[in-house]
Amino acid sequence: YKRMSVRETLSLFQSFFRSTISVDEAIALVELQDKADTYLGKLSGGQKQRAYLACALINHPRLLFLDEPTTGLDPQARRAIWDLLLKHKGQDKSILLTTHYMDEAEKLADRIAVIDHGKIIAEGTPKDLIESTIGTQVLCFNFAAEGDYETLKQNAGLSWLSDAVRVGDQYEITASDAVSRTTDLCRASDRLNLTLDHLELRRSTLEDVFIKLTGRSMRDA
């Protein structure tokens, strides 16, 4: 299809179906009016993905399957695809989308199935998966001196410290009561004369859920 224009490609796909929207309407849906007569081979990666999405929409499907539609795209192109999908998913359409990008799944999906080794290991809304798997917040911290974490764990009297996971040069704890744990951590560190080098409280994400469910070890794609 590299030597076919966007319009010609859509006309070809249109010929495969009895009931379709017009080629111009499909082009407008993905906002490629200014590239309608451009060869596919001359389009950028994001523009090609939008053209392919137009091909998928040409017969006005009620169920749309998309396999990693934003892989390899730059952030701006990814956001453009997201905006298009968000616009269309509420128009009497269901979208089944596969992705390795957890932020994409969290942004676009109403329901999510986490698949590991070919099996569904968790399913639910993004909010429910986060709350039921790890809690809504992540406490990240590190100390200025090597060994201070072990000193804290042995002397602070905070049992939840044993749940901390080492991630790079810091420790992370996921919980729904991370705010109160942050207060306890600061008080215990001050009492033991330990200096916190880094302290951060952030919202839990689907990436945290995925890592919790599947582990941190590297694996083949």
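A: Domain bounds come from an automatic or database domain assignment. The model considered here is predicted.

Q: Into which domains is the protein divided, and how far apart do the C-alpha centres of domain 1 and domain 2 lie?

A: The division gives domain 1, residues 6-109, and domain 2, residues 136-203. A distance of 45 Å separates the C-alpha centres of domain 1 and domain 2.

Q: How many helices and strands does the protein have, and is it compact or spread out?

A: There are nine helices and eight strands. The globule rule gives 17 Å for 221 residues, whereas the radius of gyration of the protein is 24 Å, well over that value, so the protein is more spread out than a compact globule. The C-alpha trace spans about 75 × 30 × 30 Å along its principal axes.

Q: What percentage of the residues count as buried, and what is the accessible surface of the protein?

A: Buried means under 20% relative accessible area. In this protein, 37% of the 221 residues count as buried. The accessible surface comes to about 13300 Å², and carbon and sulfur atoms contribute 48% of it.

Q: Which residues form a nonpolar patch on the surface, and where is the place of leucine 96?

A: The patch consists of Leu63, Phe65 and Leu96, which together have about 320 Å² of accessible area. Leucine 96 belongs to strand β2, residues 94-98.

Q: Why is leucine 96 described as partly exposed?

A: Partly exposed lies between the buried limit of 20% and the exposed limit of 50%. Leucine 96 is partly exposed because its relative accessible area is 47%.

Methods. Residues are numbered from 1 along each chain as its sequence is written. This is a predicted model: local features need pLDDT of at least 70, side-chain atom pairs count only at pLDDT 80 or more; totals for chains, interfaces and linings use all residues. Side-chain values use heavy atoms; hydrogens and water are left out. Patches are made of residues with over 30% relative accessible area and no salt bridge: like charges are joined within 9 Å, nonpolar side chains (Val, Leu, Ile, Met, Phe, Trp, Tyr) within 5 Å. Accessible areas come from the Shrake-Rupley method with a 1.4 Å probe; for residues, only the protein chains shown count as cover. A salt bridge is a side-chain nitrogen of Lys or Arg within 4 Å of a carboxyl oxygen of Asp or Glu. Helices (H or I, at least four residues) and strands (E, at least two) are DSSP runs, numbered from the N terminus. Buried means under 20% relative accessible area, exposed over 50%, partly exposed in between (1.4 Å probe, protein chains only). The radius of gyration is taken over C-alpha atoms; the globule rule is 2.2 Å times the number of residues to the power 0.38.
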